[in-house]
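Please look over the sequence and the structure below before reading on.

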Amino acid sequence: QRQRVNVTVTGAGGNIGYALMFRIASGQLLGLNVPVALRLLEIPSGIQAAEGSAFELQDSAFPLLRDVVVTDDPVRAFDGANVAILVGSRPRGPGQQRADLLEGNARIFGPQGAAINAGAADDIRVVVVGNPANTNALVAASHAPDVPTDRFTALTRLDHNRAVAQIAAHLSVPVTSVNGVAIWGNHSALQYPDVSHATVDGRPVRDLIDEAWLVNEFIPRVANRGAEIIKVRGASSMGSAASATVDHVYDWVNGTGDDWTSAGVVSDGSYGVPAGLVSSYPVRSLGGRWAIEPGLAIDAFSRARIDLSIADLEAERAAVSELGLL
Ligand code: NAX
């Protein structure tokens, strides 16, 4: 068995938190030979729910689970953290836009970034799930000057998984046949799910699926899937969001296989995304770090869609900057 890893989950008393913690404690987040300690951060109104979940973790007698702490103190929650999963925020209700949540949620992530800066372990890896995830990651990173910015990421793996699944379903193939899908830009309705480099069993998706379906059905379906889930389910994505979070951290720590995936990472200026924005890109995890896939040809359609999403990210950055949150 390897050394114990400290995993902090914020919003642990909420829905995604609940779905996540059993996956983490079972070993699926890091590997089936890696002991984990959980730090569950909540605000006072969520503490009781988190404590109840901690009882359930205890009752599951997970062999890899070493320790569970429930706290409303960010300093304590992030002390020694190796992995931080920032879920805690307010979910979008029916009819609400993500922009409505920008101010309230961004105010959560500054203090948490500062607590990570003060006490997290040197190898800290942060993934922001709480929306608006990209901009919240930007806010957290800007309050953690001593932590390399490439340790701050935003979850777009759920969008990636949704895109893969839609292509697979449309062609009646297993998801494992689908490669080379990418999500660009913001985790919002203006994201760009890109199949221009995607293949199914080695054949280009663009040879297998007509353009009209890709533009008029696939892209809006993936980009608005969160809203569709809310409409049908009456609540936002929980299990799928937790599952994508597990995929993101697992691949970050253990490496991607033959295919790339998608993650929101701090831009280095690649593909015309202004440096410093947290944007989704096609990425591979190599040696424990995300690397943006280089050298992909971007056609005019993709360029326009990526630019639209960049503008969305820039507007969010301007809004939190005006509020003094950066
Ligand atoms: P819930 O309302 O069920 O849970 C959120 C929890 O966070 C609550 O228990 C609340 O008490 C806690 N919380 C609030 N402020 C906190 C703080 N400052 N510190 C610690 N905990 C705090 O929401 P849930 O359904 O779990 O969704 C959580 C977030 O994930 C939302 O922002 C939602 O929009 C976002 N999502 C992001 C996705 C993505 O792909 N990036 C997809 C799913 C989801 O929509």
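How do the residues of the lining of the second largest pocket divide into nonpolar, polar and charged? In this predicted model, that lining holds six nonpolar, eight polar and four charged residues.

**The second largest pocket**

The pocket has a volume of about 340 Å³. Its lining is made up of 18 residues. Those that lie nearest the centre are Arg157, His160, Val164, Val175 and Val178. The contribution of α6 is the greatest, at five residues.

**The largest cavity**

The largest cavity has a volume of about 90 Å³.

Its lining includes Tyr192, Pro193 and Asp194, together with Val195, Ser196 and Arg206. Glu211, Leu214, Val215, Phe218, Ile219 and Phe301 also line this cavity. At least two of the lining residues come from β9 (192–194), and at least two from α8 (211–223). With five residues, α8 gives the most to the lining of the cavity. By residue type, the lining has eight nonpolar, one polar and three charged members.

**The ligand and its shell**

There are 24 residues around the ligand, and Asn15, Ile16, Glu42, Ser89 and Asn131 come nearest.

| Residue | Protein atom | Ligand atom | Distance |
|---|---|---|---|
| Gly11 | backbone N or O | nitrogen | 3.3 Å |
| Asn15 | polar backbone atom | oxygen | 2.9 Å |
| Ile16 | polar backbone atom | oxygen | 2.9 Å |

The ligand taken alone exposes 880 Å², and the protein buries 88% of that area. The shell around the ligand draws on two domains: domain 1 (5–154) and domain 2 (157–317) each provide at least three residues. Among the helices, α1 (15–26) and α4 (98–119) each supply at least two residues of the shell. The residues of the shell comprise ten nonpolar, twelve polar and two charged.

**Backbone features**

Most peptide bonds are trans, and most residues other than glycine have a negative phi. Against that background, two places in the chain deserve attention.

What kind of peptide bond joins Asn131 and Pro132? The bond is cis, with an omega of about -5 degrees. Pro132 is placed in the loop between β5 (125–128) and α5 (133–142). Asn131, the partner of Pro132 in this bond, is also one of the residues that come nearest the ligand.

Ala61 is found in the loop between α2 (44–60) and β3 (65–71).

How values were computed:
Residues are numbered from 1 along each chain as its sequence is written. This is a predicted model: local features need pLDDT of at least 70, side-chain atom pairs count only at pLDDT 80 or more; totals for chains, interfaces and linings use all residues. Side-chain values use heavy atoms; hydrogens and water are left out. A residue is near a molecule or strand if one of its heavy atoms lies within 4 Å of it. A polar contact is a pair of N or O atoms within 3.5 Å; within protein, one must be able to donate a hydrogen and the other to accept it, and residues adjacent in sequence count only if both atoms are side-chain atoms. Accessible areas come from the Shrake-Rupley method with a 1.4 Å probe; for residues, only the protein chains shown count as cover. Helices (H or I, at least four residues) and strands (E, at least two) are DSSP runs, numbered from the N terminus. Ala, Val, Leu, Ile, Met, Phe, Trp, Tyr, Cys and Pro count as nonpolar, Asp, Glu, Lys and Arg as charged, and the others, Gly among them, as polar. Domain bounds come from an automatic or database domain assignment. On a 1 Å grid over the protein atoms alone, a cavity is a set of points where a 1.4 Å probe fits but cannot get out, and a pocket is an open set with protein on both sides within 12 Å along at least five of seven lines; lining residues have an atom within 4 Å of a point. Grid points are joined across faces, edges and corners, and a volume is the space filled by probe spheres set on the points.
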